[in-house]
Amino acid sequence: MEIYLDANATTPVLPQAREAALAAMAQDFGNPSSTHSTGLKARALMDGVRALARRVLGAGTGELLFVSGATEGIQTAVLSALSALREAAHQPELLLYGATEHKAVPEALKHWNALLGLNLQVLAIPVGRDGRHDLAWLRAHAPRAGLVCTMAANNETGVISDLDGIEAALAGISALWLVDGVQALGKLPLRLAQRRIDYAPFSGHKLYAPKGIGLLYVREGAPFTPLLAGGGQEGALRSGTENMSGIAALGAVLAALEDGRVFRSHATLAAYRDRLADALRQAFPGVVFNAPLADCLPTTLNFAVPGVSAKLLLDLFDAAELRMSGGSACSAAKAQPSYVLQAMGLPAWQAASAVRLSIGPVADAAFIDEACARIRICG
Ligand SMILES: Cc1ncc(COP(=O)(O)O)c(C=O)c1O
């Protein structure tokens with residue numbers, strides 16, 4: 001039996017999400033823009049999921065758009081912010097992003113910055129050895145910035161950003177703020193509207209919904225430019241007939257999240273993580289953890305074993321049917337040292353031989369028992 005420990009790359013679909021998706025394909029297959037009863041049923045489903053997402057994310061009076069995933073959400077947010085900056089009376093000089101952001105963020109910044117002819121300077125906010133943003137640097141540079149992008153939690157290391165500290169560093173500054181919430185959903189409390197966050201993208205497939213569905217939160221009053229123009233769906237904010245099976249599945253996940261019975265608590269997940277870390281210590285006595293566990297999501301362990309390459313470790317784990325990865329899924333195929341760990345100033349060997357173990361928040365004790373037992377035999 002395969003033990004899947006790569007939840008930060010993607011997750012299986014929760015059974016209730018699968019059922020909801022199938023029902024939306026078979027019975028409730030309507031187009032929510034149709035005005036007949038079949039269409040109205042689809043619209044009611046979609047409105048219900050949006051209302052649920054609003055509660056779960058604490059989105060207040062902000063907009064919540066259904067999008068195809070975080071990459072689209074990020075493009076939409078960046079396009080919106082940069083289009084507004086282009087029209088601003090006082091042009092900013094900088095676009096800032098955390099040095100450990102998922103590539104979707106800096107690549108979108110560079111892409112739209114060039115395409116819109118803004119040509120602002122795109123700078124990485126340095127992070128410390130703990131993976132957290134350098135707030136003194138941010139305070140010094142934010143007054144000249146038009147957009148600041150800081151993820152809520154890192155996909156490779158699980159490092160949780162100090163959003164309170166970042167918000168304080170941005171106090172009194174007009175820059176827009178994008179927070180990539182992909183890895184935080186279901187693992188950290190998100191009260192979006194209580195912060196001055198302007199944009200927050202999410203991806204369904206990182207939390208037991210299928211691939212191809214996501215959400216973008218846009219604070220009320222934040223600048224907005226549609227990425228997709230056409231039939232005027234989503235209140236003309238995102239055209240294209242909605243992915244109703246994806247929306248239905250995401251709704252089932254959000255319902256489970258709100259209900260609180262399917263997803264484990266932070267304390268339970270932290271205890272699971274500690275057991276997995278102990279199993280790694282027993283199997284590989286020299287193992288080092290690449291980020292302070294206390295500052296990380298309780299679902300992610302990033303580690304290295306001196307003298308053992310990531311490839312060797314991953315082959316060993318794979319033979320034991322333990323699926324892990326050497327960093328983010330997008331860069332796994334490239335087999336290059338992790339830019340995230342390099343940005344944290346880790347020694348070259350550690351950045352080059354890092355392995356990521358990530359569990360999803362519905363893991364149970366039997367699953368963790370089996371994972372620990374298999375890790376031990378790999379030592
Ligand atoms: C933190 C983070 N942001 C953005 C993305 C992009 O998500 P997607 O590929 O689902 O669009 C990912 C996916 O790995 C991620 O982990």
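## Domains and their interface

Buried area is the accessible area, taken with a 1.4 Å probe, that two parts lose on being put together, summed over both. By that definition, domain 1 and domain 2 bury about 2600 Å² between them. Carbon and sulfur atoms carry 55% of this area. The size of an interface is often given in this way, as the accessible area lost when the parts come together.

The model is predicted. Its protein chain is assigned two stretches, 3-12 and 264-378, as domain 1, and residues 15-259 as domain 2. The centres of domain 1 and domain 2, taken over C-alpha atoms, are separated by 27 Å. Across the boundary, 33 residues of domain 1 are in contact with 28 residues of domain 2. Between domain 1 and domain 2 the count of salt bridges is zero.

## Aromatic pairs

How many aromatic pairs does a search of the whole structure find? The search finds four. One of them joins Tyr-208 and Phe-263 in an edge-to-face arrangement, with 6.0 Å from centre to centre and 65° between the planes. Tyr-208 belongs to the loop between β7 (199-203) and β8 (214-218), while Phe-263 belongs to the loop between α7 (244-259) and α8 (266-283), so this pair ties together parts that are 55 residues apart in sequence. Tyr-208 is buried, with a relative accessible area of 5%. Phe-263 is also buried, with a relative accessible area of 8%.

Phe-303 and Phe-317 form another edge-to-face pair, in which the centres are 6.3 Å apart and the planes are at 80°. Phe-303 is in strand β10 (residues 300-304) and Phe-317 is in helix α9 (residues 310-319), so the pair ties together parts that are 14 residues apart in sequence.

## A cluster of rings

Phe-303 and Phe-317 also belong to a cluster.

## A charge over a ring

A further contact of an aromatic ring involves a charged side chain. The charged end of Lys-103 sits over the ring of Tyr-339, at 4.0 Å from the centre of that ring.

Key
Residues are numbered from 1 along each chain as its sequence is written. This is a predicted model: local features need pLDDT of at least 70, side-chain atom pairs count only at pLDDT 80 or more; totals for chains, interfaces and linings use all residues. Side-chain values use heavy atoms; hydrogens and water are left out. Rings of Phe, Tyr and Trp (its six-membered ring) pair if their centres lie within 6.5 Å; planes under 30 degrees apart count as stacked, over 60 as edge-to-face and the rest as tilted. Helices (H or I, at least four residues) and strands (E, at least two) are DSSP runs, numbered from the N terminus. Buried means under 20% relative accessible area, exposed over 50%, partly exposed in between (1.4 Å probe, protein chains only). A charge sits over a ring if NZ of Lys or CZ of Arg is within 6 Å of the ring centre and within 35 degrees of the ring normal. Domain bounds come from an automatic or database domain assignment. Contact means heavy atoms within 4.5 Å. A salt bridge is a side-chain nitrogen of Lys or Arg within 4 Å of a carboxyl oxygen of Asp or Glu.
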